[in-house]
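Student: I have a model open and want to learn how to read it. Can you take me through it feature by feature?

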Amino acid sequence: MAVFQPTGQKRLTNVAVVRMKKGGKRFEIACYPNKVLSWRNKVETDIDEVLQTHTVFTNVSKGEVAKSDILKKAFSNDNQPEICLQILAKGELQVSEKERHAQLESMFRDIATTVADKCVNPDTNRPYTVTLIEGAMKDLHFSVKPTKSTKQQALEVIKQLTETETIKIQKAFMRLKITVPAKDGKKVREKIRKIAKKIESDDFDGDLEMVILVDPGCFREIDELVRHDTKGKGQLEVISLKDVEEGDEMM
């Protein structure tokens, strides 16, 4: 005698569930393990590598698929792929305590790695080790937020470390070379001097040529300045993304 699976049920195994409550109802989507945070952190960009199925459930473990009228009432439409993206972005990832702890530890390490990659000790211009940054984060009692990207949280850590002076830290500077036609040189030179953290060379024999160190956050401002004030005739070249001395900073 043939056994049929009831209509509206879809069984899945080895699933990471993301859950959202909306309109008084619970909705769930079935994802591949370890892919949800990668998607939210923009590491994974292929949605088919994240979702096991573009289907909205009321209960993944029981394989109960959400009915069209319930979706329309809660989301104002029954477009399942679109609703899946909403739940993936804003829903709560259901994981065991052991999995949650492992994920938080991994994110903590990723945040520390990003900070170590972007920053230096201003006294020596050397990068800090990831282990040292992790220790400083623990001194701050920094708490990882699973729903925020590691890049956003790394910026928060840099800000907190700077404000509390837990360790001496600053973002590593970019080294840029600027070449500007002679007729625009004086005007551009004055503006660049106000932005640059350090001027390594300043040659104004004919055309203006400058090599400067700047905060990475100022790159767009300088790029727009050079293009606008020279009507596109000036040149901006990135010599190095990070000006650092070789070797890690040790304690």
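Student: Where is Lys90 placed?
Tutor: Helices (H or I, at least four residues) and strands (E, at least two) are DSSP runs, numbered from the N terminus. Lys90 belongs to helix H3 (residues 80-90). Keep in mind that this is a predicted model: local features need pLDDT of at least 70, side-chain atom pairs count only at pLDDT 80 or more, and totals for chains, interfaces and linings use all residues. Residues are numbered from 1 along each chain as its sequence is written, and side-chain values use heavy atoms, with hydrogens and water left out.

Student: Is Lys90 buried or exposed?
Tutor: Buried means under 20% relative accessible area, exposed over 50%, partly exposed in between (1.4 Å probe, protein chains only). Lys90 has 71% relative accessibility, so it counts as exposed.

Student: Which residues is Lys90 in contact with, leaving aside neighbours within four places in sequence?
Tutor: Contact means heavy atoms within 4.5 Å. With those neighbours set aside, Lys90 touches Met20 and Arg40. As for His54, the C-alpha atoms of Lys90 and His54 are 16 Å apart in space, and the two residues are 36 apart in sequence.

Student: What is the relative accessible area of Asp184?
Tutor: The value is 7%, so Asp184 is buried. Asp184 sits in helix H7 (residues 182-195). Beyond its neighbours within four places in sequence, Asp184 contacts Asp229 and Thr230.

Student: How do I read an aromatic pair?
Tutor: A pair of aromatic rings is described by the distance of the centres and the angle of the planes. Rings of Phe, Tyr and Trp (its six-membered ring) pair if their centres lie within 6.5 Å; planes under 30 degrees apart count as stacked, over 60 as edge-to-face and the rest as tilted.

Student: How many aromatic pairs does that rule give?
Tutor: The count is one aromatic pair. The ring centres of Phe27 and Phe75 are 5.1 Å apart and the planes meet at 65 degrees, so this pair is edge-to-face. It links distant parts of the chain: Phe27 is in strand S2 (residues 25-31) and Phe75 in helix H2 (residues 68-75), 48 residues apart. Phe27 and Phe75 are both buried.

Student: What about phi angles?
Tutor: Most residues other than glycine have a negative phi, and most peptide bonds are trans. Lys42 has a positive phi, near 65 degrees, and is not a glycine. Its place is the loop between helix H1 (36-40) and strand S3 (57-59). Lys42 is exposed, at 68% relative accessible area.

Student: Where is Glu165, and what is its phi?
Tutor: Glu165 is in the loop between helix H6 (150-164) and strand S7 (170-171). Its phi is positive, about 55 degrees, although Glu165 is not a glycine. With a relative accessible area of 66%, Glu165 is exposed.

Student: Now the whole chain. How many helices and strands are there?
Tutor: The protein chain has eight helices and 11 strands. Its radius of gyration is 26 Å, well over the 18 Å that the globule rule gives for 251 residues, so the chain is more spread out than a compact globule. That radius is taken over C-alpha atoms, and the rule is 2.2 Å times the number of residues to the power 0.38. The C-alpha trace spans about 95 × 50 × 30 Å along its principal axes.

Student: What share of the 251 residues is buried?
Tutor: Buried residues account for 39% of them.
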